[in-house]
Amino acid sequence: VRRPGSTMTPFTYALALERGKTAASLLQDLPAHFTTERGDYAPRNYDNTCHGPVRLRVALGSSYNVPAVRVAEYVGVDRLLTGLRAFGFASLKRSGRHYGLGLTLGNGEVTLRELVAAYAALARGGELLPLHTVLKAKAVDGRALPLPRPAARRVVSRQAAYVITHVLSDPMARLPAFGRRTPLSVGFPAAV
């Protein structure tokens, strides 16, 4: 298990969309202080600046930390943890109280397989399928053996998954933080 950093924020935003936020919702990217059992929590953006009111689309696309924590507060830590577990993050075994709002910024440890399966669920329109690494199997005599095909499980609405995928594929949403020419410009449609 490893700390996944802000790769967790798209799931927080997807859960917020389920609770009424939209890609156009205004979020405050202003200095924030949250009182926790472990003391004052003051998230900062990676560039150590705040950008004022920003649309959810830009906050997610530009990977701003402060709005992500505010969205985690909006969703609620326990609801966020339940949602992340629904996305397949079984490694998150501790309580929401333990992780706190920093859960959206990756302070809970997860596996790469869990992260891949969760992102695949977003790409699949909100349906989670367990990862499988065996593509086909044959018996000793050469005949094909059937592989189990588990049913997909809906973890977020098709609409929320679409919006998150659209934001992550929108170069204009990441323009404020990353500029025009970045390694994220891969030359073909991709959610990054």
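Modeller: The axes of H1 and helix H4 (residues 77–86) come within 10 Å and cross at roughly 110°. Axes here are lines fitted to C-alpha atoms, for helices over the stretch in contact, and angles run from 0 to 180 degrees between N-to-C directions. That makes H1 roughly perpendicular to H4, a label for angles of 65 to 115 degrees. The crossing is right-handed, meaning that the near helix is turned clockwise from the far one by less than a right angle. H1 brings Phe11, Thr12 and Leu15 to the contact, and H4 brings Arg79, Leu80, Gly83 and Leu84 (contact means heavy atoms within 4.5 Å). By class, these residues are four nonpolar, two polar and one charged; Gly counts as polar.

This is a predicted model: local features need pLDDT of at least 70, side-chain atom pairs count only at pLDDT 80 or more, and totals for chains, interfaces and linings use all residues. Residues are numbered from 1 along each chain as its sequence is written, and side-chain values use heavy atoms, without hydrogens and water.

Helices are DSSP runs (H or I, at least four residues) numbered from the N terminus. H1 (9–18) also gives two or more residues to the lining of the largest pocket, as do H2 (56–61), H6 (112–123), H7 (158–168) and H8 (171–178). The lining has eleven nonpolar, six polar and two charged residues.

Methods: Parallel < 35°, antiparallel > 145°, perpendicular 65-115°, else oblique.
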